[in-house]
Amino acid sequence: MTESRTHTLFSFGTLMDERVQTALFGGAVPTSPASLAGYTTRPLKITDPAVIAASGLDVHLILERRLGAFVEGAVLHLTDEELAAADAYEVDDYTRRRVVLSSGESTWAYLDAKPLRPAERIVVVGDSIAYGRCDPRGGWAGHLAAAHISGDEARRRLFNLAIPGSTLAEVSAQTPMLLAARRPDTLVVAAGINDSAVPAGRAGAGTGDTGAGTDGHADFGQLGGSLDALAATALAHNARLVVAGPSWLDEDRTRDYEGLCFTRARALALRAFLQAWCEAHHVDHLDLWEPLRERSDLLSDGLHPTAEGHLALYEHLDATGR
């Protein structure tokens with residue numbers, strides 16, 4: 001019995017070559033012409049001998065965002081095993097993510113593994129840390145904006161729409177109406193730790209609480225729903241979703257913060273949940289925990305980074321995302 005071809009994959013390069021398809025899949029696979037709006041390509045040097053042998057090329061193409069441009073290619077119709085073979089063929093510079101074709105159909109495509117590197121128009125949403133509280137230069141997002149825009153002032157934009165105090169539920173509700181005028185190709189959701197906070201009187205002090213209980217702790221099921229909504233919003237704009245955060249906190253200084261309690265256990269549980277959700281949904285996660293780990297001197301109040309702390313977060317984002 002012929003196995004069902006349940007996956008579609010947009011190809012703009014060597015995967016359209018029948019020789020490559022034969023090497024990977026055992027023969028040519030069904031294809032149909034397609035185009036991808038909002039992208040252009042740039043060359044990428046390949047060093048993997050197996051990939052060079054299969055394609056006959058040591059320079060492939062990789063997608064880059066460009067407002068008003070489009071890339072011609074084809075949609076490949078693949079089985080589970082064929083999609084896995086395509087994943088194995090692509091070098092570490094690529095990662096598989098959802099895109100929207102010019103036809104309006106959603107499909108897989110291999111994008112740059114560093115999610116901010118190919119971006120042209122970035123929107124940042126989140127809470128006070130993304131907003132840049134305690135840093136007159138605009139925090140890590142301000143540093144990112146300066147570096148991003150300076151690369152091409154005519155084309156590149158970064159819009160920081162973070163609102164202090166926001167939860168992911170509020171962000172998911174507010175974001176759809178903010179995007180159309182800004183025409184983003186990348187949506188950075190800065191997931192702070194507000195979703196892990198509980199009223200100070202209810203917190204279990206250092207009990208290893210996962211933050212997923214029913215006694216006032218963060219409802220991670222609801223959090224998943226907020227992320228699902230943000231993913232749908234990003235895809236509706238053909239934008240790449242990137243989830244960043246949370247960052248490290250000094251529990252001794254945040255145990256009773258303005259009537260709320262933030263503990264490291266709940267923050268770590270939030271971090272683990274975000275990582276697992278992103279992996280399961282093929283969404284990029286930029287972890288902000290390590291740059292401030294055990295660096296209480298880089299926190300102004302145990303929670304919000306100082307100007308130097310924001311710089312450390314930006315340098316980490318720059319290394320992992322750009």
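## Terms and model

In this report, helices (H or I, at least four residues) and strands (E, at least two) are DSSP runs, numbered from the N terminus. The model is predicted, so that local features need pLDDT of at least 70 and side-chain atom pairs count only at pLDDT 80 or more, while totals for chains, interfaces and linings use all residues. Residues are numbered from 1 along each chain as its sequence is written, and side-chain values use heavy atoms, with hydrogens and water left out.

## The parallel sheet

Val-189 of β8 stands opposite Val-125 and opposite Val-243 in β10. β10 in turn pairs with β12 in the parallel sense over four bridges, and Ala-244 stands opposite Leu-286 in β12.

How many of the five residues of strand β8 are buried? Five of the five are, which leaves the strand mostly covered; buried means under 20% relative accessible area, exposed over 50%, and partly exposed in between (1.4 Å probe, protein chains only). Thr-186, Val-188 and Ala-190 point one way from β8, whereas Leu-187 and Val-189 point the other way, and all of these residues are buried.

Another open sheet is built from five strands in the order β2-β3-β1-β5-β4, and here the pairing is mixed. Its edges are β2 (31-45) and β4 (94-100), each of which has a single partner strand, so one side of each is left without a neighbour in the sheet. From one strand to the next, the twist averages 45°. Helix α3 packs on this sheet, where it touches β1, β3, β4 and β5, and its direction makes about 135° with that of β3. Within the sheet, strand β1 (residues 7-11) and β5 pair in the parallel sense over two bridges, and Leu-9 stands opposite Trp-108 in β5.

Glu-82 is buried, with a relative accessible area of 10%. Its side chain reaches the backbone nitrogen of Thr-79 at 2.9 Å, a polar contact being a pair of N or O atoms within 3.5 Å; within protein, one must be able to donate a hydrogen and the other to accept it, and residues adjacent in sequence count only if both atoms are side-chain atoms. If neighbours within four places in sequence are left aside, Glu-82 is in contact (heavy atoms within 4.5 Å) with Arg-5, Phe-25, Val-29 and His-77.

## Salt bridges

Side chains of opposite charge can pair when their charged atoms come close. The structure holds 15 salt bridges, each being a side-chain nitrogen of Lys or Arg within 4 Å of a carboxyl oxygen of Asp or Glu. In one of them, Arg-66 is joined to Glu-120, with the closest N and O atoms 3.4 Å apart. This pair links distant parts of the chain, since Arg-66 is in strand β3 (residues 59-78) and Glu-120 is in the loop between β5 (106-112) and β6 (121-126), 54 residues apart. Arg-66 is partly exposed, with a relative accessible area of 24%, whereas Glu-120 counts as buried at 4%.

Arg-96 and Asp-87 also meet in a salt bridge, at 2.8 Å from N to O; Arg-96 is buried, with a relative accessible area of 11%, and Asp-87 is partly exposed, with 30%. Arg-137 forms a salt bridge with Asp-135, the closest N and O atoms being 3.5 Å apart, and in this pair Arg-137 is exposed, with a relative accessible area of 51%, while Asp-135 is buried at 6%. Finally, a network of salt bridges links Arg-42, Glu-64, Asp-112 and Arg-117.

Definitions and conventions: Two strands pair if DSSP finds at least two bridges between them. Axes are lines fitted to C-alpha atoms, for helices over the stretch in contact, and angles run from 0 to 180 degrees between N-to-C directions.
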